[in-house]
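This report covers selected local features of one protein model.

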Amino acid sequence: MNVLVIGANGQVGRKIVAALAASEHDAVAMVRKEEQIEHLQELGASKVVLGDLEKDFSSAFDDVDAVIFAAGSGGSTGADKTLTIDLWGSVKAARYAEEKGIKRFVQLSSMGSDNPDAGGEEMKPYLVAKRAADEILLTTGLDYTIVRPGALTNEDKGGKIEIAANGFSSIGDRSIPRADVADLLVQSLDQPNTYNKIFEVLQGDNTIEEELRAL
């Protein structure tokens, strides 16, 4: 499949592109700036397209079979960018996918978006945006999968995770490497039992394949 990666130049996005390059799929990396193109090509993107989430980026969906939405405004921006990128960017991406007849849509969300009020005032706008984006995705006709990881780290890929279909009762200081999240998103593409499901994920004791198969 040709898989459009939205947010391809982000910390998780770059790892998604690399994971797709190592799979049977082809990565179509969407970036905002021309100077980002070469690096994404080096990571293995078969195609790099320009697109701005705050504008019309529907042309990025041409000749695409599936979408991974992994975009985020980042911690250095304000609530305005969180709304236009994390929320409205996701909504537009889902609409473009429907318009182009693309059924498969995998969305990177966040643990804590099930209850934004419990996440603290600093995180609340981000968690509200993620929750709203997830809720709107549920109303589409897309074959969606929504993945909500816990705290992200830059540790090396471990390959062992734990999925909680109904959320974790407690997480302590557990986290998950971005590389494992990227592999999970890519492996979810071909797993029909992940369609129309939302789940949380942290480091664990089982392989990604085992945890996905048990959903």
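## Helix H5

In H5, the buried residues are Arg178, Ala179, Asp180, Val181, Ala182, Asp183, Leu184, Leu185, Val186 and Ser188. Buried means under 20% relative accessible area, exposed over 50%, and partly exposed in between, with a 1.4 Å probe and protein chains only. Helix H5 spans residues 178-188 and is mostly covered, with 10 of its 11 residues buried. Helices (H or I, at least four residues) and strands (E, at least two) are DSSP runs numbered from the N terminus.

## Basis of the model

The model is predicted: local features need pLDDT of at least 70, side-chain atom pairs count only at pLDDT 80 or more, and totals for chains, interfaces and linings use all residues. Residues are numbered from 1 along each chain as its sequence is written, and side-chain values use heavy atoms, with hydrogens and water left out.

## Packing of H3 and H4

Two packed helices are described by the angle between their axes and the distance between the axes. Helix H3 (residues 79-99) packs with H4 at an angle of about 10 degrees, and their axes are 9 Å apart. Axes are lines fitted to C-alpha atoms, for helices over the stretch in contact, and angles run from 0 to 180 degrees between N-to-C directions. H3 and H4 are therefore roughly parallel to each other; angles under 35 degrees count as roughly parallel, over 145 as roughly antiparallel, 65 to 115 as roughly perpendicular and the rest as oblique.

On the H3 side, Ala79, Thr82, Asp86, Leu87, Ser90, Val91 and Ala94 meet Pro125, Tyr126, Ala129, Lys130, Ala132, Ala133, Ile136 and Leu137 of H4. Contact means heavy atoms within 4.5 Å. The residues of this contact of H3 with H4 divide into 11 nonpolar, two polar and two charged. Here Ala, Val, Leu, Ile, Met, Phe, Trp, Tyr, Cys and Pro count as nonpolar, Asp, Glu, Lys and Arg as charged, and the others, Gly among them, as polar.

## Buried positions

Gln107 lies in strand E5 and counts as buried because its relative accessibility is 1%. A polar contact of 2.6 Å joins its side chain to that of Ser90. A polar contact is a pair of N or O atoms within 3.5 Å; within protein, one must be able to donate a hydrogen and the other to accept it, and residues adjacent in sequence count only if both atoms are side-chain atoms. Beyond four places in sequence, Gln107 touches residues including Phe69, Ala133, Asp134 and Leu137.

Ser113 sits in the loop between strand E5 (104-108) and helix H4 (124-138). Ser113 is buried, at 0% relative accessibility. Its side chain reaches the backbone oxygen of Ser110 at 2.6 Å. Leaving aside neighbours within four places in sequence, Ser113 is in contact with Leu127, Lys130, Arg131, Asp134 and Arg148.

Gly89, in helix H3, is buried with a relative accessible area of 0%. Not counting residues up to four places away in sequence, Gly89 touches Leu53, Phe57, Phe69 and Thr84. The C-alpha atoms of Gly89 and Gly72 are separated by 9.1 Å, the two residues being 17 apart along the chain.

## Positive phi angles

Most residues other than glycine have a negative phi. Asp63 is not a glycine, yet has a positive phi of about 60 degrees. Asp63 is placed in the loop between strands E3 (47-50) and E4 (66-69), and is exposed at 65% relative accessibility.

Asn196, also not a glycine, has a positive phi of about 60 degrees. Asn196 belongs to the loop between H5 and strand E10 (197-203) and is partly exposed, with a relative accessible area of 43%.
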